[in-house]
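Please keep the structure open while reading.

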Amino acid sequence: MSADEKFIPFALPDIGEEEINEVVACLRSGWLTTGPKTIQFQKDFASYVGAPHAIAVNSATSGLHLALEALGVGPGDKVVTTPFTFTATAEVIRYLGADPLFVDIDPCTLNIDPDLVGRAVSRNPEVKAVMPVHLAGQACDLDPIMAAARRHGLPVLEDAAHALPTTYKGRMIGTISDITVFSFYATKTMTTGEGGMVVTARDDLARRMELMRFHGINREVWDRYTSDKPKWFYEVVEPGYKYNMSDIMAAIGIHQLRKLDGFQARRAAIAARYNEAFADLPVTLPHVADPADRHAWHMYVLQLDLDRLNIGRDEFIIRLAALGVGANVHYTPLHTQPYWRDRYGFQPGDFPAAEEAYRRVVSIPLYTGMTDADVERVVDAVKVTLTEVSR
């Protein structure tokens, strides 16, 4: 990397003047916490996805916790999910005293293996829910997962932190299962800084999550300040949580959502350029199940063909950094992390597909603020590095 070249990070948010102006208007309004902008954002998001209910929260982790609680998950229960994910997916299960039941991934898609989901729910009567994770923006194969869950009367909760806006067989993620949770973290396809959204078509689940989102109080803060009842009056009917989104965050989200289709189109264009450039290199390109569906392209995850290289994945990342290109790894399998390994006694080889993927995966820069020149610098860095270390 020359002295006049900037470092290209793995990800950057794309914030415009519209978001800045909306936040300024929010600050000047005097209403900073959950209020009119959050209500607008929820309505806009529900309309965009096509879901009857959208509940804004302060993180996707909070949303997953609310969802599992609403589904009745508790001590002694198990929730089927993947070890190839961020720890939040599994930790929310532990919040409720339940246990994750990990099943391995499909080595092609890197998403949870539907056949293994079916076996897990058949063999484990303690399973209370199934939680697939859509990795990098590619939807899981939901039909067999849903079918296996329904055979056993189990709800499906989608961790869609990477899957906005993703479709599966023409259907928008967020309109298929019992509950879907999206993330608006700074690196996601749209952002509110932190934050998330829970969507559902079930009135009963929506009511429960809305109640528990704010301390188990049976009237929303906004309602308390706009209804005809005394402003001081409220009732606590459950020991709830403090998971509501602020209007400052929602102010950003309102405009990010309006830009989302354009964001996705730019991400898809960058991914297409990468696919073209890397087609003949010793790597496996990201899986696309059906080109007719929409891939969110939250991340672009290459799998290195280590049998054809003289270096490992970690050295590959170091070499990219020396050329001014950032990269990351998604993910270190949870069963190898100290807490999960020690609590459940996991051993190497327990989830071989996830372990093999971990050895090979590397996420390279993919964000809407990348210029064409940035994209070509990433292309060149990957090509140069792989050419130098190929056997």
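Of the 43 residues in the largest nonpolar core, those that touch the most other members are Phe41, Phe45, Val80, Val130, Ile173 and Phe184. At least two residues of this core come from each of α2 (36–49), β1 (53–57), α5 (114–123), β4 (127–130), α6 (142–151), β9 (196–200) and α9 (247–278). A nonpolar core is here a set of buried Ala, Val, Leu, Ile, Met, Phe, Trp, Tyr and Cys residues joined through side-chain atoms within 4.5 Å. Buried means under 20% relative accessible area, exposed over 50%, and partly exposed in between, with a 1.4 Å probe and protein chains only. Helices (H or I, at least four residues) and strands (E, at least two) are DSSP runs numbered from the N terminus.

The model is predicted: local features need pLDDT of at least 70 and side-chain atom pairs count only at pLDDT 80 or more, while totals for chains, interfaces and linings use all residues. Residues are numbered from 1 along each chain as its sequence is written, and side-chain values use heavy atoms, with hydrogens and water left out.

Val80 is in contact (heavy atoms within 4.5 Å) with Leu101, Val103, Ile112, Val117, Ala120, Val121, Val127, Ala129, Val130 and Met131, leaving aside neighbours within four places in sequence. A second, separate core has 31 residues, including Ile270, Phe316, Val375 and Val378.

On a 1 Å grid over the protein atoms alone, a pocket is an open set of points where a 1.4 Å probe fits, with protein on both sides within 12 Å along at least five of seven lines; lining residues have an atom within 4 Å of a point. Grid points are joined across faces, edges and corners, and a volume is the space filled by probe spheres set on the points. Ala, Val, Leu, Ile, Met, Phe, Trp, Tyr, Cys and Pro count as nonpolar, Asp, Glu, Lys and Arg as charged, and the others, Gly among them, as polar.

| Pocket | Volume | Lining by class |
|---|---|---|
| Largest pocket | about 460 Å³ | 10 nonpolar, 11 polar, 3 charged residues |
| Second largest pocket | about 280 Å³ | 7 nonpolar, 8 polar, 6 charged residues |

Of the 24 residues lining the largest pocket, Phe86, Ser183, Tyr185, Lys188 and Tyr331 are the closest to its centre. The elements giving two or more residues to this lining are α3 (60–70) and α4 (87–95), and α3 gives the most, with 3 residues. In the second largest pocket, with 21 lining residues, Gln138, Ala139, Cys140, Tyr168 and Ala289 lie nearest the centre.

For Cys140, the nearest cysteine sulfur is that of Cys108, 13 Å away. Cys140 counts as buried because its relative accessibility is 0%.

Backbone exceptions come last. Most residues other than glycine have a negative phi, and most peptide bonds are trans. The bond from Leu164 to Pro165 is cis, with omega near 0°, and Pro165 sits in the loop between β5 (157–159) and β6 (167–168). The bond from His330 to Tyr331 is also cis, with omega near 10°; Tyr331 is in the loop between α10 (313–322) and α11 (338–344).

Leu110 is not a glycine but has a positive phi of about 70°, and its place is the loop between β3 (99–102) and α5. Ala136, in the loop between β4 and α6, has a positive phi near 70°. At 7% relative accessibility, Leu110 counts as buried.

Definitions and conventions: Disulfide = S-S within 2.5 Å.
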